[in-house]
Amino acid sequence: NDTTSTNSSAHAIKIYYSFAVTKRTLSTMIRAATVSHAHRVARRVAMNGSRRPITSGLTAVENKVKEGQAKQMMGGICQGAENPTYLKQGSADIAMNAFGGALVFFGLGQITYGFYNLANGTNQLE
């Protein structure tokens, strides 16, 4: 028991001496201890695994792929103009495609109007 206390005090003196000799500051010592602790925690988590992974909320969702495949394969899998796959989800698909088409035509109209004004020198700011 006496040798254990002597060894531990000698170890403490050795650690203090190594810090004193290298003239490490308190912040350097704290940083070294923090990094060492972080490595130990990371190693422990890697070995034991996490109880609740961060992605569990994303991966615990039920799989709806089969439902989507059933909707897309209604009426056969032949792709054509009569039965396009982008219109098989019902009225929501039709509304979204109509809105997108309206935006495209509005943008093309604005571009045409701008080029017309540039070509004829009209609607200029004074």
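This is a predicted model: local features need pLDDT of at least 70, side-chain atom pairs count only at pLDDT 80 or more; totals for chains, interfaces and linings use all residues.
Figure 1. Residues are numbered from 1 along each chain as its sequence is written, and side-chain values use heavy atoms, with hydrogens and water left out. Of the 126 residues in the protein chain, 3% are buried. (Buried means under 20% relative accessible area, exposed means over 50%, and partly exposed is in between, using a 1.4 Å probe and protein chains only.) The chain's accessible surface comes to about 11500 Å², and carbon and sulfur atoms account for 64% of that. (These areas come from the Shrake-Rupley method with a 1.4 Å probe; for residues, only the protein chains shown count as cover.)

**Figure 2. Here's Gln 89, in the loop between α4 (65-72) and α5 (91-120).** Gln 89 is partly exposed because its relative accessible area is 33%. Gln 89 touches Lys 71 and Gln 72, leaving out residues up to four places away in sequence. (Contact means heavy atoms within 4.5 Å.) Gly 68 is 21 residues from Gln 89 in sequence, and their C-alpha atoms are 8.8 Å apart in space.

**Figure 3. Now for Asp 93, which sits in helix α5.** Asp 93 counts as buried because its relative accessibility is 18%. If you skip residues up to four places away in sequence, Asp 93 touches Tyr 86, Leu 87 and Lys 88.

**Figure 4. Let's check the span of helix α5.** With 30 residues at 1.5 Å a residue, α5 should span 44 Å, and its end C-alpha atoms are 43 Å apart, which agrees. (The expected span is 1.5 Å times one less than the number of residues in the helix.) Just after α5 comes Gly 121, with a positive phi of about 70 degrees.

**Figure 5. Asn 117 is also found in helix α5.** Asn 117 counts as buried, because its relative accessibility is 12%. Setting aside neighbours within four places in sequence, Asn 117 is in contact with Thr 122 and Asn 123. The side chains of Asn 117 and Asn 123 are joined by a polar contact of 3.5 Å. (A polar contact is a pair of N or O atoms within 3.5 Å; within protein, one must be able to donate a hydrogen and the other to accept it, and residues adjacent in sequence count only if both atoms are side-chain atoms.)

Terms used. Helices (H or I, at least four residues) and strands (E, at least two) are DSSP runs, numbered from the N terminus.
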